[in-house]
Every structure is written in structure tokens, then in C-alpha cells.
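Me: I would like to go through this structure by way of its aromatic rings, its pocket and its sheet, with the reasoning set out for each answer.

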Amino acid sequence: MSKTCLVRFDNNKYSVSASAVGRPVDIHAYADRIVVRQEGRTVAEHRRCYGRGETIYDPWHYVPVLARKPGALRNGAPFKDWVLPAALDRVRRKLSGSNDGDRQMVKILAAVLTDGLAAVEAACVQALAEGVHSADVVLNILARQRDTRPLEPIQTPASLRLLHAPTADCARYDQLKGRSAERPSLTGYGSA
């Protein structure tokens with residue numbers, strides 16, 4: 001496996017998951033596809049290309065690399081013609097105008113590797129519906145979806161418990177109000 005996450009087969013190059021870099025892989029070629037495995041785990045699967053000198057990319061293979069080089073999202077060959085789902089693409093376009101837009105988009109794309117594309121797409125739809133598009137909001141929505149168990153009640157330590165529970169007594173406020181009406185105004189103009 002090369003450092004560029006590419007493996008050569010039959011005069012073409014195919015992208016492979018970034019986790020496979022630097023270790024040997026097995027290539028299984030079929031009439032319609034090639035499957036690349038490493039230690040029994042599939043690290044890439046592509047439609048077979050019968051041309052010569054072509055490079056076939058799967059942009060998802062390069063998402064872990066983007067954490068170190070977020071600018072590659074704009075300029076990298078694997079991402080040139082990347083068609084993202086509608087909501088992810090809208091978030092990407094909205095983030096492209098901000099200074100750290102690439103970095104934020106990389107965080108959202110990295111969440112796909114752990115939460116799945118459908119969950120991240122749904123989180124982007126929800127964020128856009130609420131009028132926001134930052135990575136923090138999308139990741140927060142994902143975290144809330146992941147952790148659906150009810151919160152346990154917090155026990156108040158004995159040292160913070162009140163000795164006498166407060167009582168609601170509106171008459172006390174009326175007394176205060178009555179006293180303030182009796183006092184002269186500080187401005188010297190009297191009360192209105």
C-alpha cells in the first residue's frame with residue numbers, strides 16, 4: 001500500500017482505506033469489480049476499470065487523512081467531483097464562505113465514519129431546518145441521537161439541603177411595595 005492510499009492493479013490505480021497504508025494487501029479481481037482485503041478485512045471495493053493509466057477514487061477512503069490536511073477537501077484529486085447527499089452538500093456550500101469552513105466540514109465528514117451516512121445526513125437536515133450549519137451543531141445533534149437513555153436524577157448532597165423550605169408569601173411583597181410608596185422620591189420631584 002502506498003502512502004497516497006492507492007494500490008496498482010492491471011495498469012490502473014484504486015483508492016484504499018487510509019487505515020491500510022504501509023501494510024500488504026490482497027487484491028481479488030472479478031469481472032465487474034475488484035476487492036482489496038487486508039488481514040481478512042475488506043479495505044476497498046471498486047468497479048473494475050479496463051482502461052489504462054486511470055485512477056479510481058473513493059473519497060470516503062481519504063476522510064481520515066483530511067483531519068491533518070483539511071485544505072485537501074477543496075483541492076484534493078479524490079474530492080474534485082465528489083457528489084455528497086443533498087443536506088451535506090448544502091452544509092458544505094454554506095461553510096465554504098467561513099474561514100474555518102474546511103475544518104468544520106471535515107469534522108462532519110469524520111462523523112460519517114462512526115455514526116453512518118444516514119444519521120449525519122439527518123443531523124444536517126435538522127441543523128439546516130433550525131437555520132444553522134456549524135459542525136458543532138451537527139455533532140451535538142448526533143450526540144443527542146446517540147445517547148437516548150433518560151438522565152438519572154441528581155442527588156443533592158446533605159450539606160446543600162435547606163433546613164427550612166421557603167414559603168411563597170406574596171403579602172411580604174405587598175409590604176415592601178407599601179413601604180416604597182411612603183418614602184419620598186430621591187429625585188426631588190415627588191412620586192407620580
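**Rings, pocket and sheet**

Reply: At 31% relative accessibility, Tyr57 counts as partly exposed, and this value, like those that follow, is computed from a predicted model.

Me: Which geometry do Tyr57 and Tyr62 adopt as an aromatic pair?

Reply: A search of the whole structure finds four aromatic pairs. In one of them, Tyr57 and Tyr62 have ring centres 5.9 Å apart, with 65 degrees between the planes. Because planes over 60 degrees apart count as edge-to-face, the pair of Tyr57 and Tyr62 is edge-to-face.

Me: Is Tyr62 buried or exposed?

Reply: The relative accessible area of Tyr62 is 8%. Since buried means under 20%, Tyr62 is buried.

Me: How many residues apart are Trp60 and Trp82, which form an aromatic pair?

Reply: Trp60 and Trp82 pair edge-to-face, at 4.9 Å centre to centre and with 80 degrees between the planes. Trp60, partly exposed at 22%, lies in the loop between β6 (55-56) and α1 (63-66), whereas Trp82, buried at 11%, lies in the loop between α2 (72-75) and α3 (86-95). The pair thus links distant parts of the chain, its members being 22 residues apart.

Me: How many residues in the lining of the largest pocket are charged?

Reply: The lining divides into nine nonpolar residues, one polar residue and, as the charged share, two.

Me: Which strands stand at the edges of the open sheet?

Reply: Three strands form the sheet in the order β1-β2-β6, with mixed pairing. The strands at the edges each have a single partner strand, so one side of each is left without a neighbour in the sheet; they are β1 (6-9) and β6.

Me: What is the bridge partner of Phe9 in β2?

Reply: Strands of a sheet pair through backbone hydrogen bonds, either parallel or antiparallel. Here β1 and β2 (residues 12-15) pair in the antiparallel sense over four bridges. In β2, the partner of Phe9 is Asn12.

Key: Residues numbered from 1 in each chain as written. Predicted model: local features only at pLDDT ≥ 70, side-chain atom pairs only at ≥ 80, totals over all residues. Heavy atoms only, no water. Phe/Tyr/Trp six-rings, centres within 6.5 Å; stacked < 30°, edge-to-face > 60°. Buried < 20%, exposed > 50% of the residue type's maximum accessible area, 1.4 Å probe, protein only. Helix = DSSP H or I, 4+ residues; strand = E, 2+ residues; numbered from the N terminus. Nonpolar A, V, L, I, M, F, W, Y, C, P; charged D, E, K, R; others polar. Pairing = 2+ DSSP bridges.
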